[in-house]
Amino acid sequence: MALIDSKTGQVRREYSKAALERAATIMRGYDLAALACAGSGHAGGTLSIMDITAALYLQVANLDPENPGWADRDRIVWSTGHKAPSLYLGLAMAGAFPPEDVARLRRLGSPYQGHPHWKKIPGAEVSTGSLGQGLSIGVGIALAAKLDGKPYRTYVINGDGELQEGQIWEAVMSAGHYRLDNLVSIVDKNRLQIDGWVCDVMDVDPLGDKFRSFGWHVVECDGHDMGQVLKAFEEAQHTKGKPTAILATTVKGKGVDFMENVAGWHGRAPTFDEAKNGLAQLGLNGEVDLAKMKSIADAHQKEADARIEAKMPRFKKDYWWNRQPVMKVDMDPTRMGYGRALQEAGKDERVVCLGCDISGSITISKFYEGHPERAPKGKGISRFLSVGIAEQNATGIAAGLAKEGKLPTFGTYAVFASARNLDQFRTTVAYGELNVLVAGAHGGVSVGPDGATHQALEDLTNVSIVPGTTVVAPCDAIETRKATTALLFEVTGAKYLRFAREATAVVTTEKTPFIIGKANVFRMRSVKERMIDAFECVLADDYIGERETVAIIACGPMVAEAMRAAWILKEERGWETRVVNIHTLKPLDETAILAAASECEIVVTAEEHQIGGLANPVAAAILRGLGGGHAPRFGSIGVKDRFGESGAPWELIKEFEVSAEHIAAKALELSV
Ligand SMILES: Cc1ncc(C[n+]2csc(CCOP(=O)(O)OP(=O)(O)O)c2C)c(N)n1
């Protein structure tokens, strides 16, 4: 009904339609400013939902900003967690905190995580970011209200692309079944998702008919017409015996001409100049103080910098990437290798790619760059088949294609490619021995400001435990290209390739050996201008041990960190280090691990996700293989049983203590 003082039951403030329209415009301005301060985020969808946000938080829902845990408050669930800034600004405009404070968005240690965490923001009901889950949570909350005889209502904000997730329709079915007239789903129907128009990526229409067939009441409205929005909510409140779906037609990027209806603005933040331009278009010059917000963001950053720098082990000099005149590296994201390989592999007609609405970012779109015949064709069929935001279905479709002799591959963020579809991957693909290559992109903490929901820290453990899988986490973009090709054409069965988002050091060349299941050894021979020339790299099978002090056993981009740690240990202590690149976690090269363990005094494993994905199989291999032999001193670098958080990629490497400095410090600690 309104913003309420929960102690007295008095309405705190009522908004006219014009005041709500004005509030939505101001929130759009703060959104642009906060995104510009963050340097990343989702402009398009945060702008499209803002009129609905203003209506909901300032007028429709019963909320008390001074008592966010008030038992009778209406619950608002943001199933589309990427629209977190709109949620934050809804609360801010209602009076929970100053809107300028959202300038700290997506920074390390900020309550304003890239995707909302309810434990950090009083008033955020649940933690979301993995699409398709919020409506089920809403059903649960609405059922609890019915069980307890409580009058509160539950509002769930959904995206139209998000409706491609199968779980949504399970939730729709259950809400219809239980006739939850205290539940409302608002669909922000801006008709765009990441890969393009929803109707081309995977059509969800006719939405009204779909909801109605599951027993819902449906209201359609223009999501930017405040009168229509308020009327739609009112209709929902008066609907008895069924849940209501408000299908709100909106414009992605609403209010800023260069963002409107442009898919590319989905996951982009404006620059300060673009934000200024946007503020002028919204008529907000002087209303939203961009400079003040920047100074809030800068002050927050200063504190965060001091905190993480205090956590860094200290050495005689600064060995950080490219800070010395020697040991220079090129940086390239490992994910690039996947796309480059697919471009080439596409010559084989058996190769089929499935798009999961994140195609540019994970580089699978390179499959059709320069090859229009392979490109997605809306509802037409080509060798790039878009399946939308539907990881479980993608796994099943890939299995079906494989059954008929195709070589299918698909990928998405590793969190969603390895967990949400784990049963399909285990039972249909692995147990069925079908030839499917799953790419887990954005692995590890280095994903950055999207935060915990998007940082895959458990994926290697999840998939490695599945019998018969081949699991590869290559160390750089070149090795990712080789791994993709090898997995596609040389390996059969369930295959999982894991790579990262951030640009990391390139430490191999075309000539570096690469054989699935065979580790490589890197040995530093002398300091060189370029790091790649300072190290010798051979197959572990061909390496003759030199009784080095330390062995660092690493996978993925941590191999490069391990090499830098070897440099640090050589400079600081004169120690020799054997770096073992375990690019294949399964089948594991136990011979290489055992050789390192029996010939070196200290063994450190290094991974940039939960300790265990690599450390556990390595430790087990050492214990199994040593027999009566003397065990080395053993330590592990990785994330220590915690979830990730927002922050810049290299800040997170420091915060989560997974840098070369931490590896070197661990080796030194084990020596005493
Ligand atoms: C399970 C899952 N898969 C993929 C993603 C990555 N992702 C974030 S937003 C998005 C597109 C969402 O489209 P839509 O629901 O239409 O939101 P809007 O266009 O309104 O921003 C995708 C694929 C995710 N967050 N969760």
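The structure is a predicted model.

The domain assignment places residues 3–290 in domain 1 and residues 332–505 in domain 3. Domain 2 is described by two segments, 319–330 and 509–671. Between the centres of domain 1 and domain 2, taken over C-alpha atoms, the separation is 45 Å. The contact between these two domains involves 6 residues from domain 1 and 5 residues from domain 2. On the side of domain 1 that touches domain 2, there are 3 polar residues, 2 charged residues and 1 nonpolar residue.

Attention may now turn to the ligand. The shell around the ligand includes at least three residues from domain 1 and at least three from domain 3. Of the 25 residues around the ligand, those that come nearest are Gly45, Leu131, Gly159, Gly161 and Glu162. Helix 2, which spans residues 43–48, supplies the largest share of this shell, with 3 residues. When the shell is sorted by class, 14 residues are polar, 6 are nonpolar and 5 are charged.

The last stop is helix 21, formed by residues 590–599. Within this helix, Ala592, Ile593, Ala595, Ala596 and Ala597 are buried.

Methods
Residues are numbered from 1 along each chain as its sequence is written. This is a predicted model: local features need pLDDT of at least 70, side-chain atom pairs count only at pLDDT 80 or more; totals for chains, interfaces and linings use all residues. A residue is near a molecule or strand if its C-beta atom, placed from the backbone, lies within 6 Å of it. Helices (H or I, at least four residues) and strands (E, at least two) are DSSP runs, numbered from the N terminus. Ala, Val, Leu, Ile, Met, Phe, Trp, Tyr, Cys and Pro count as nonpolar, Asp, Glu, Lys and Arg as charged, and the others, Gly among them, as polar. Domain bounds come from an automatic or database domain assignment. Two residues are in contact if their C-beta atoms, placed from the backbone, lie within 7 Å. A residue is buried if 20 or more other C-beta atoms lie within 10 Å of its own, exposed if 12 or fewer, and partly exposed in between; C-beta atoms are placed from the backbone.
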